Amino acid sequence: MKKSVDIFDPKQTTTLDTPAKTLAQENSPAEAQTSGNRIGFVSLGCPKNLVDSERILTQLRIDGYEVTNSYDNADLVIVNTCGFIDAAVEESLDAVREALEENGKVIVTGCLGAKENQIREVHPDVLEITGPHSYEAVLNHVHKYVPKPEHNPFTSLIPQAGVKLTPKHYAYLKISEGCDNRCTFCIIPALRGDLDSRSVGSVLDEAKRLVESGVQEILVVSQDTSAYGKDKGGRTDFWNGMPVKQDITTLARHLGKMGVWVRLHYVYPYPWVDELIPLMAEGLILPYLDLPLQHASPRVLKMMKRPGRVDRQLDAIKKWREICPDLVIRSTFIVGFPGETEEDFEILLDFLREARLDRVGCFKYSEVDGAVANTLAELISEEVKQDRYERFMQVQAEISAERLARLVGRELDVLIDDVDEEGAIGRCYADAPEIDGMVFLNGEVELSPGDMVRALITHSDEHDLWAELVQMPE
């Protein structure tokens, strides 16, 4: 049975399972011999990195290359790495090592690629290394070692929405790169730079292509989603011949008119987040807010360089729920931050009890190489981190169970992700893929992934829901 909060251990990273599964499904069993233009691909890290992988894969396919998730018979392997926390660095270096051992020709890209010396020190035989969102450089390196094949683009058409590493019914939409915040525990700005928002026209064009390709859920991601457009200086853009403001509220409103689920992730708690809640109450976008708060002690938040008025955050949550009673709030917190006292930790627990957040991830502080936080105060022992983590998880488990129990007896739309011999497995508006819970419809083996059904919630636990089918998909 799943726990009510995300359990972090030294081997856990942000890497999703979906990319490898999707690539495996794309492989043809009949392809036993190398074609001279087959590229192996390993995608690590978070949804934002997944989008980078999709962009590289799309261009590889456009250039006529075959793509596989296997080292066997691949003429070259690309490893798209993560470097956010030490566990992710270890995972990435292990993946590069495995690729070198199994294949020998390896190109490294992604966040860890920004630290070329660190990679070279461990793996000097890597062919080339590039940092994050270096799409053109990666393709140029591929062309250098595996020349572009001759191919007829009319016989190997690429989907309008490009190559996707997610199931056909949902997709991630990245709206910006980088971040202007300087949280002391984070090295993202050093890896990906300052905020660089895409034009709203290009974002809406991509969203439209996704919907036209059959996507039923768009998951909006970036390093700082609520800051979208703040680097545009108030300039408008154009879409469908009409001027459109470049800010997160305007973008969300336009996305909400496309007739699919729209879910917002990585929403930094700026004051203008208030403007998004009425859109959720109207049903334009899902009443789901991924709001990384990180802590509740004003002293720790100040050391983190995060917003420190917890009373204001509690007032905001109360107001949001009054406007949109169905609102589900997901957040993440760090325990064991350098200098965190027992009093600081108790303030965090008190905040959890008062805020009653729906979905919560808890992470023990990781000493990320290059993070300012490592030098701010005395580091907390692993024993204390573990103790605080377990106490945090126990408090949140009760809250999660209570929040999910509110849904029992309600009819909800459920998007089916998978079907096995026991029945269908889906998600309701409260569940983002791979990080939240699931809705189990036991015995419903006739459904298919991508079906949107109406279901009556009959049971809940600390993480998941069970339901009975009310209405089949149209």
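What follows is a conversation about how the terms used for this structure are applied.

Colleague: What kind of model is this, and how are residues numbered?

Modeller: This is a predicted model, in which local features need pLDDT of at least 70 and side-chain atom pairs count only at pLDDT 80 or more, while totals for chains, interfaces and linings use all residues. Residues are numbered from 1 along each chain as its sequence is written, and side-chain values use heavy atoms, with hydrogens and water left out.

Colleague: What makes up the secondary structure of the chain?

Modeller: The chain has 13 helices and 21 strands. Both are DSSP runs, numbered from the N terminus: a helix is H or I over at least four residues, and a strand is E over at least two. Strand β9 covers residues 196–197, so it has the length that a strand needs.

Colleague: What makes the pair Ser 197 and Asp 231 a polar contact?

Modeller: A polar contact is a pair of N or O atoms within 3.5 Å; within protein, one must be able to donate a hydrogen and the other to accept it, and residues adjacent in sequence count only if both atoms are side-chain atoms. The side chains of Ser 197 and Asp 231 are joined at 2.7 Å, so the pair falls within the limit. Another polar contact, also of 2.7 Å, joins the side chains of Ser 297 and Asp 344.

Colleague: Where is Ser 297, and is it buried or exposed?

Modeller: Ser 297 sits in the loop between β14 (288–290) and α10 (298–304). Its relative accessible area is 1%, so Ser 297 is buried. Leaving out residues up to four places away in sequence, Ser 297 touches Asp 344 and Ile 347, where contact means heavy atoms within 4.5 Å.

Colleague: How do you know which parts of the sequence make the contacts in the chain?

Modeller: By sorting contacts by separation: among those with a separation of 6 or more, residues 24 or more positions apart account for 75%. Val 138 lies in helix α5 (residues 135–145) and is in contact with Ile 56, Ile 78, Thr 109 and Thr 130, its neighbours within four places in sequence set aside. With a relative accessible area of 0%, Val 138 is buried.

Colleague: What makes a group of residues a nonpolar core?

Modeller: A nonpolar core is a set of buried Ala, Val, Leu, Ile, Met, Phe, Trp, Tyr and Cys residues joined through side-chain atoms within 4.5 Å. The largest one here has 76 residues, and Trp 320, Phe 351 and Phe 392 have the most contacts inside it. Helix α12 (residues 342–355) gives the most to this core, with six residues.

Colleague: Are Cys 46 and Cys 82 buried or exposed?

Modeller: Cys 46 has a relative accessible area of 16% and is buried. Cys 82, at 6% relative accessibility, also counts as buried.

Colleague: What makes Tyr 266 partly exposed?

Modeller: Its relative accessible area is 22%, so Tyr 266 is partly exposed. Tyr 266 lies in the loop between β13 (261–264) and α9 (277–281), and its phi is near 60°, a positive value in a residue other than glycine.

Notes: Buried means under 20% relative accessible area, exposed over 50%, partly exposed in between (1.4 Å probe, protein chains only).
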